[in-house]
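Q: Here is a chain to go through term by term. What do the labels rest on?

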Amino acid sequence: RALVEEEDGGNTSPVEGVAVKVVFDEEGHRARETLNPAPQLADGAISLKIVSWNVNGLRSLATTNKATLLNVIKEQKPDILCLQETKIQDNTIGDYDNFLDGYESYWNCSTDKKGYSGTAVFLKKSTILINPSSKRSGSGPICVGPPKKQAKLSAFFKKGLPEPVVSEEELSQEAVVVPAGHVSVVEQVSYDFEDEGKRFNGEGRTITVEFSNFILVACYVPNSGEDLKRLNYRVEEWEPHMRQYLKKLNARKPVVYTGDLNCGHLDLDIHNPTAKHIPKQSGLTVLERSAFTQMLQETQYRDAFRYFYPDAKGQFTYWSVRAGNRPYNKGIRLDYFICSPDMFSVAEGGEEAKETEGTRTRVLAHDSYILHKETVGCSDHCPVVLVVKMEE
């Protein structure tokens with residue numbers, strides 16, 4: 001289609017960014033700029049792929065769009081799958097026994113409110129060693145192989161998925177070295193984060209997985225809500241403590257902070273950044289966007305997608321279903337991979353990559369992209385992807 005550019009004002013966000021030129025196609029839809037992906041990794045390169053997706057209700061996805069998730073797994077082959085807004089209760093986790101064959105599952109459910117929030121992390125057994133001696137802490141329910149007697153939906157997710165290849169012997173308590181064919185080992189899993197005695201639990205919003213060579217924080221950041229009722233809670237309580245938490249983790253290992261972070265950071269991340277209602281919309285207020293900037297500045301973490309594609313236009317991850325915005329690409333980028341600075345190599349302009357304690361392995365971000373078309377009709381969000389490479 002023919003494309004035209006139209007000025008949409010300067011960068012009016014309270015953060016550094018690029019002046020927005022919104023691109024329209026001939027039918028008036030906001031065009032999605034085609035990206036030039038990172039070069040393929042060399043043969044034999046060691047890598048991990050992480051997919052994150054706000055599914056807006058896992059039971060609904062499992063019963064009405066099961067083929068979509070299977071296709072994402074088949075095509076992307078994620079080593080780690082992070083889900084947000086699962087809306088699963090702890091007493092129904094058993095329904096998801098063996099939810100994805102070949103994956104170990106970790107769940108954190110909301111105990112404060114039913115059918116609300118919730119996060120899950122799936123780890124591929126063929127590439128990640130699940131060490132039974134790892135510490136599992138926090139208030140969230142621990143789900144490593146839930147009771148089989150309640151399994152009801154697992155049959156939907158068996159066809160075409162890899163079989164587990166990790167033997168019981170490999171999962172012994174002495175298994176602390178990454179064996180051949182695996183990329184990492186799980187050392188510890190936590191279901192809430194704590195800073196200065198302040199504990200954030202009850203809504204099932206975080207799962208932290210410490211691997212042998214990096215740390216993953218899978219998160220569903222609180223929405224400020226209608227009429228911005230939770231805005232103060234988010235920017236005055238949640239955000240400051242999360243910043244401190246991320247800084248503490250990065251003192252130990254490289255960190256990947258991912259999920260629905262519920263903020264359109266730059267003007268480029270919002271389809272209509274100069275609209276009058278934007279400063280009053282949840283996730284787009286000056287306070288929330290400024291807090292996001294403060295997080296990046298204080299932690300020195302980087303938005304992986306914007307690192308690789310700083311000027312990309314029309315790259316959104318959320319569209320209002322109520323307004324029917326997805327066909328017109330009137331969206332917001334709310335889903336991210338925020339990575340510690342040592343995950344970007346010196347050659348790419350980053351700081352010296354951090355060597356994981358006790359090893360010579362460097363964990364580096366290689367590419368990040370968005371799966372726009374693969375999940376239309378499943379959720380108001382689409383998945384985002386991070387490719388991580390390991391170098392000696």
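A: Start with residue classes: Ala, Val, Leu, Ile, Met, Phe, Trp, Tyr, Cys and Pro count as nonpolar, Asp, Glu, Lys and Arg as charged, and the others, Gly among them, as polar. This is a predicted model, where local features need pLDDT of at least 70, side-chain atom pairs count only at pLDDT 80 or more, and totals for chains, interfaces and linings use all residues. Residues are numbered from 1 along each chain, and side-chain values use heavy atoms, without hydrogens and water.

Q: What makes a residue part of the lining of the second largest pocket, and how is that lining split by class?
A: A pocket is an open set of points on a 1 Å grid over the protein atoms alone, where a 1.4 Å probe fits, with protein on both sides within 12 Å along at least five of seven lines; a lining residue has an atom within 4 Å of a point. By class, this lining has twelve nonpolar, eight polar and five charged residues. Pro37, Ala38, Tyr309, Asp367 and Tyr369 are the closest to the centre. Strand 18 gives the most, with four residues.

Q: How is the largest pocket lined?
A: Its lining has ten nonpolar, 16 polar and twelve charged residues. Asn223, Gln281, Ser282, Tyr318 and Asp380 lie nearest its centre.

Q: What volume does the largest pocket have?
A: About 1100 Å³. A volume is the space filled by probe spheres set on the grid points, which are joined across faces, edges and corners.

Q: Why is the set with Ile80, Leu123 and Phe214 called a nonpolar core?
A: A nonpolar core is a set of buried Ala, Val, Leu, Ile, Met, Phe, Trp, Tyr and Cys residues joined through side-chain atoms within 4.5 Å. Ile80, Leu123 and Phe214 touch the most other members among the 38 residues of the largest core. Strand 19 (residues 384-391) gives the most to this core, with four residues.

Definitions and conventions: Buried < 20%, exposed > 50% of the residue type's maximum accessible area, 1.4 Å probe, protein only. Helix = DSSP H or I, 4+ residues; strand = E, 2+ residues; numbered from the N terminus.
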